[in-house]
Amino acid sequence: MKAALTILLLLVLATLPLWLDNPYLLHVLVVTGIFIIAAMSLNVLLGYAGQLSLGHVAFFGIGAYASALTALGFKLSFPFQVAVDAKPVWLAMLMGIVAAGLCGWFIGRIAFKVRGAYFVIVSISFAEVVRMVAVNWVELTQGPMALNNIPPLAFGNLAFYKKPENYWLVLATAVLCYVLIRRLVHSRAGRAMVALAENESLATSVGIDVTRYLVLATIVSASMAGAAGALYAHYVRIVDPDVFLFIYTVTMVIMVITGGKGTLAGPVVGGLIFGLLPEGLRALAFPPETQWIAYGVLMVLVVYFLPQGIVPALRR
Amino acid sequence: MLGSTYALLGIGLTLIFGIMKVVNFTHGELYAFGAYMMYALVMLAGVNFLVALPLAIALGVLLGAALELVLLRRLRGADIDTTMLVMIGAWIALQNAEQLAWTGVAKSINTPFPAAPLVLGPVSVAWNRVFVLVIALLLIGITYLLINRTKLGRAMRATFQDRETAALMGVQNGSIHTATFALGSGLAAAAGALLGPVFVAYPSMGDLAATKAFAIVILGGLGSIAGATIGGFILALVEELGAGYVSSGYRDAMGFLLIIVILLFRPTGLFARKERIG
């Protein structure tokens with residue numbers, strides 16, 4: 001029964017561009033899909049490993065920048081000449097994922113020296129430092145002028161210029177990430193993470209290497225966020241330092257919390273709600289500030305009334 | 001001058017964290033609120049500058065008390081992540097409400113001080129900056145007296161040291177929390193009301209202020225008032241040196257780098273006595 005429903009849902013999603021003749025709505029769905037991937041990756045850290053990371057957008061942005069820069073090629077003259085020629089886009093996207101994963105490893109190594117409030121503040125600081133580097137290192141990132149004309153993904157003659165192709169690409173990546181996270185969660189490493197989130201001292205006492213599993217969770221989480229960033233860069237085809245804005249982290253956190261942290265379907269449900277909701281609000285011609293005010297209020301209300309999120313509430 | 005207002009921000013935040021165990025993400029919005037109230041009172045309502053300043057601070061205290069009563073009262077005993085999420089929600093809502101109310105255009109506020117600077121030998125300082133420094137130091141002094149010399153202050157310190165014992169001794173935890181949050185918010189609003197007229201007031205000004213306050217508090221050690229005071233001056237110094245010797249574009253990044261470096265090499269902060277590793 002459940003398997004049949006899943007297959008039906010996937011069929012509907014996969015054939016959507018064939019019967020939905022509305023390019024704008026398709027665009028909204030592509031962007032929503034990218035955010036859902038990012039939210040799923042955040043859920044690994046927030047939901048399973050129990051660490052409230054508020055610098056998540058940094059990995060998304062690093063993925064986007066690394067991928068865009070590799071695809072465009074760049075030259076640096078300081079402190080010695082570094083020149084990278086333009087590479088094919090699939091390689092660039094891999095570079096984006098690897099770069100984000102490496103940053104995740106590095107940050108995980110240093111940030112997990114502290115916990116709770118301190119970890120949250122370190123993660124915010126990290127994202128802000130990265131944003132300021134993106135604004136100020138004009139030679140590499142073009143600063144506020146943004147990276148333009150990023151090529152779309154292409155294999156030979158097949159280029160992902162149009163919306164349906166990109167939709168399928170995002171959908172495939174999202175399904176892949178979902179399956180990967182599912183496997184991770186049900187593995188030994190996943191159980192170790194959940195144990196850590198629930199009671200760190202107890203988990204340590206039965207021999208779980210805390211730092212190792214937290215760093216592992218960060219690497220997985222960061223790489224997937226990097227993949228989402230790379231997809232974003234080659235779909236929108238322009239990247240500016242605004243991708244690092246804190247508000248995007250908040251959006252991802254709201255998606256995960258509302259949907260239900262620590263559940264596989266949670267980020268998907270939350271992502272669909274908050275990806276599509278702004279479009280509904282826009283139709284009512286509210287100024288954008290009201291949208292954010294509504295997000296803020298909604299976040300408070302969810303914490304008060306649905307502290308576990310929508311998915312666990314429905315399950316009960 | 002910057003150091004003293006940073007210290008005000010830091011003291012407010014460190015009080016709230018130390019006593020209530022709440023990571024106050026709305027701190028920066030209270031700072032922006034102070035600046036905007038100065039704008040509303042001085043530029044729109046035509047109130048005298050010197051009257052407007054205490055009024056703006058009082059409004060900040062009221063807003064802080066209201067936030068505590070409406071949002072935090074029912075969350076007492078919840079874990080720190082839950083309160084953090086609520087505070088982030090409140091922060092986003094407040095900031096965008098400010099943007100909606102005052103538009104994104106930066107507002108400047110006139111001051112009654114003479115434009116000619118005060119010249120002291122080789123140094124010349126603008127009068128309004130002297131004023132900011134004096135008032136900020138005065139407020140820091142008052143806060144010290146309040147914490148160390150009054151009954152309320154003693155109750156706050158007792159709650160900070162041991163919440164249960166303090167409650168057993170007849171300290172009302174609830175009203176202490178409201179008073180702490182109101183005091184901390186008032187200090188943030190005061191910093192905004194003082195700096196708003198020196199620079200300009202704009203909706204996202206609170207973000208930088210909040211992160212700087214976090215940097216100061218981490219520098220000084222969470223819950224340490226002396227640490228926050230010294231931390232404020234250190235951060236201002238590091239920022240100026242960083243802007244001068246590295247690049248002015250990275251001026252505001254200095255605070256964040258400071259946070260990361262401090263947490264790496266001295267995770268308990270410079271002045272704290274408590275363990276902060278989980």
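Leaving aside its neighbours within four places in sequence, V170(A) is in contact with V30(A), G33(A), I34(A) and L231(A). The model is predicted.

**V170(A)**
- V170(A) belongs to helix 7 of chain A.
- With 24 other C-beta atoms within 10 Å, V170(A) counts as buried, because the cut-off for a buried residue is 20 or more.
- P151(A) is 19 residues from V170(A) along the chain, and the C-alpha atoms of the two are separated by 17 Å.

**Helix 8 of chain A**
- Helix 8 of chain A spans residues 188–198, and its buried residues are G190(A), A192(A), M193(A), L196(A) and A197(A).
- Viewed down the axis of helix 8 of chain A, these buried residues fall within an arc of 160 degrees, so they line one face of the helix.
- R188(A) and E198(A), on the other side of helix 8 of chain A, are exposed.
- The cover over the buried residues of helix 8 of chain A includes helix 2 (23–48), helix 7 (163–185), helix 9 (200–205) and helix 10 (210–236) of chain A.

**Contact between chains A and B**
- In chain A, 31 residues are in contact with 35 residues of chain B.
- On the side of chain B that touches chain A, the elements giving two or more residues are helix 4 (80–102), helix 9 (205–220) and helix 11 (253–265) of chain B.
- Helix 4 of chain B gives the most to this side, with 15 residues.
- The side of chain B that touches chain A has, by class, 24 nonpolar, eight polar and three charged residues.

Conventions. Residues are numbered from 1 along each chain as its sequence is written. Chains are lettered from A and ligands numbered from 1 in the order in which they are written. This is a predicted model: local features need pLDDT of at least 70, side-chain atom pairs count only at pLDDT 80 or more; totals for chains, interfaces and linings use all residues. A residue is buried if 20 or more other C-beta atoms lie within 10 Å of its own, exposed if 12 or fewer, and partly exposed in between; C-beta atoms are placed from the backbone. Helices (H or I, at least four residues) and strands (E, at least two) are DSSP runs, numbered from the N terminus. The arc is that of the directions from the helix axis to the C-beta atoms. Two residues are in contact if their C-beta atoms, placed from the backbone, lie within 7 Å. Ala, Val, Leu, Ile, Met, Phe, Trp, Tyr, Cys and Pro count as nonpolar, Asp, Glu, Lys and Arg as charged, and the others, Gly among them, as polar.
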